[in-house]
Amino acid sequence: MATGTMFRLLTAPVRRWGYAVRALVLRVLAWALPYWTRGEAGRETPADLFRVLYLGWLAAFLLKVLGSSWDVSWHFKWLRDDLAPPHLLNTVGTVIAVGLALVHWYTGYGVDRTASRLIVWGTGIFLIAIPLDLINHRVNGLDITAWSPSHALLYIGTALMLAGAIRGWFVGAGPHTGVSARRRTLVLGGLFAFFLENVHFAQQQQEYGVLEIASWDRGAPYAEPSLLEFAAQQMGRAVDRTMVVKFSLPIPEWVYPVYAVVVGMAAVVFARLMVGRRWTGTTVAAVYVGYRCVIWPLLVGGDFPASAVPFFLVLGGLCVDLAFLVRVPYLRPVLGAVLVTGGVYGGLAVQARVQTPPYAVESWPVALAGLAVAWLAIEWFAGRHRLTAPEPGAMPLETQAAPQSEAPQSEVVAPAAGA
């Protein structure tokens with residue numbers, strides 16, 4: 001057989017794949033380019049475009065969560081590498097998020113003014129935080145703690161992006177967009193599960209740290225010798241248990257329970273208000289904890305460090321749902337704070353029989369007071385800005401029908417009210 005014929009036979013599958021990809025790209029461009037027009041936030045959004053935009057947000061956040069989950073485990077085993085696989089996976093999600101932020105900002109589709117501002121500000125803060133984090137690691141070395149200022153900017157940026165996506169979906173999703181009530185609830189709950197993951201992420205410092213110390217005590221540390229030696233040099237001491245404890249758990253013991261109650265459960269309270277379903281708090285917390293249970297064996301199977309899983313969050317979410325059985329708005333936050341604080345600290349006490357990060361039991365009054373104040377503020381804010389779930393059968397004003405848009409589709413989303 002001639003060499004040219006053999007080459008054509010071998011490359012035929014590649015060429016067919018290339019033609020298919022080219023055809024797909026052309027179809028996507030033919031669909032998307034008519035929408036690429038300058039517009040103000042809140043403009044009428046075609047139904048198919050609305051669904052694609054928020055499917056994109058779900059994909060972006062999923063990739064970011066997978067990358068970050070892998071990343072924190074990676075950093076308890078290996079020295080930091082800017083081009084480590086977890087960073088690259090997270091970067092793919094970030095690129096999608098940046099692209100979506102540009103679409104919202106330029107076209108005005110899929111968001112009202114408030115959602116657009118949240119997304120744009122969140123994206124900007126996240127992009128600024130990336131080089132700051134790189135500089136921080138160059139100057140300060142290891143910086144293992146997830147609680148550092150440069151890392152905090154990454155969480156804040158992601159939180160604002162998530163808040164914008166939650167707001168955009170809340171005011172825009174409805175029957176006129178082809179979004180059923182069930183799908184509206186599921187996506188909103190899913191976005192809040194991502195939000196809880198982002199809020200709780202820094203706590204993984206302690207959840208991985210406690211098992212890092214346990215691995216040292218067993219004589220088989222998770223961390224590679226190069227990482228332990230680097231950390232010891234940075235601290236100016238030998239590689240010993242004291243160094244490992246300082247490397248793994250540099251955070252005061254009161255932080256873990258107080259942060260879980262005041263910040264983590266506040267996110268669950270907001271989810272319960274906006275989604276409006278009876279067991280929203282339990283479900284959002286259970287989805288996050290379930291994800292941690294799924295990713296745990298995958299990481300351990302890949303020879304990465306294990307972490308303690310915050311099962312107590314499910315009990316906290318259940319207590320939030322029980323608190324919402326109280327219908328008096330200003331009584332519910334106070335009673336709810338008592339119930340949730342008891343649930344979280346009680347859950348920690350039970351989980352401590354297996355494995356949990358060190359926590360200061362005597363910190364409960366601070367946690368209770370902090371959650372009561374946060375809960376009152378959330379109830380006031382959500383009511384003032386109409387962010388509570390509508391009554392069954394009612395349609396939010398922002399999603400009532402509107403005239404047709406200039407886009408080349410017949411289904412449209414009405415312009416959402418601006419902030």
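Is Glu-224 buried, exposed or partly exposed? I looked it up: at 24% relative accessibility, Glu-224 is partly exposed (buried is under 20% relative accessible area, exposed over 50%, partly exposed in between, with a 1.4 Å probe and protein chains only).

**Ground rules**

I am working on a predicted model, where local features need pLDDT of at least 70, side-chain atom pairs count only at pLDDT 80 or more, and totals for chains, interfaces and linings use all residues. Residues are numbered from 1 along each chain as its sequence is written, and side-chain values use heavy atoms, with hydrogens and water left out.

**Overview**

I found 14 helices and 2 strands in the protein (DSSP runs numbered from the N terminus: helices are H or I with at least four residues, strands E with at least two). Of the 419 residues, 50% are buried. I then looked at contacts (heavy atoms within 4.5 Å) between residues at least 6 apart in sequence, and 77% of them join residues at least 24 apart.

**Salt bridges**

I get 8 salt bridges in the structure (a side-chain nitrogen of Lys or Arg within 4 Å of a carboxyl oxygen of Asp or Glu). Back to my opening residue: the side chain of Glu-224 meets that of Lys-77 in a salt bridge at 3.3 Å, N to O. Glu-224 sits in the loop between α7 and α8 and Lys-77 in the loop between α2 and α3, so this pair ties together parts 147 residues apart in sequence. Lys-77 is buried, at 8% relative accessibility.

I also checked Asp-321 and Arg-272, whose side chains form a salt bridge at 3.7 Å, N to O. This pair links distant parts of the chain, with Asp-321 in helix α12 (residues 312–323) and Arg-272 in helix α10, 49 residues apart. Both residues are buried. Salt bridges with shared partners join Lys-77, Glu-224 and Asp-303 into one network.

Arg-272 got a second look: its relative accessibility is 10%. Leaving out residues up to four places away in sequence, Arg-272 touches several residues, including Arg-277, Thr-280, Val-320 and Phe-324.

**Helix α8**

Which residues of helix α8 (residues 225–235) are buried? I list Leu-227, Leu-228, Ala-231 and Ala-232. They lie on the same side of α8, because they cover an arc of only 130 degrees around the axis (taken from the directions from the helix axis to the C-beta atoms). A reminder to myself: an α-helix has 3.6 residues a turn, so residues three or four places apart point the same way. On the other side of α8, I see Pro-225 and Gln-233 exposed. The buried residues of α8 pack against α2 (47–75), α7 (204–217) and α9 (241–248). Just after α8, Gly-236 has a positive phi of about 75 degrees.

**Aromatic pairs**

I count 19 aromatic pairs (Phe, Tyr and Trp rings, the six-membered one for Trp, with centres within 6.5 Å; planes under 30 degrees apart are stacked, over 60 edge-to-face, the rest tilted). Trp-36 and Tyr-106 are stacked, because their ring centres are 4.5 Å apart and their planes are at 20 degrees. Trp-36 is in the loop between α1 and β1 (45–46) and Tyr-106 in helix α3 (residues 85–107), 70 residues apart. Trp-36 is partly exposed at 45% relative accessible area, and Tyr-106 is partly exposed at 26%. Together with Trp-105, the two form one aromatic cluster.
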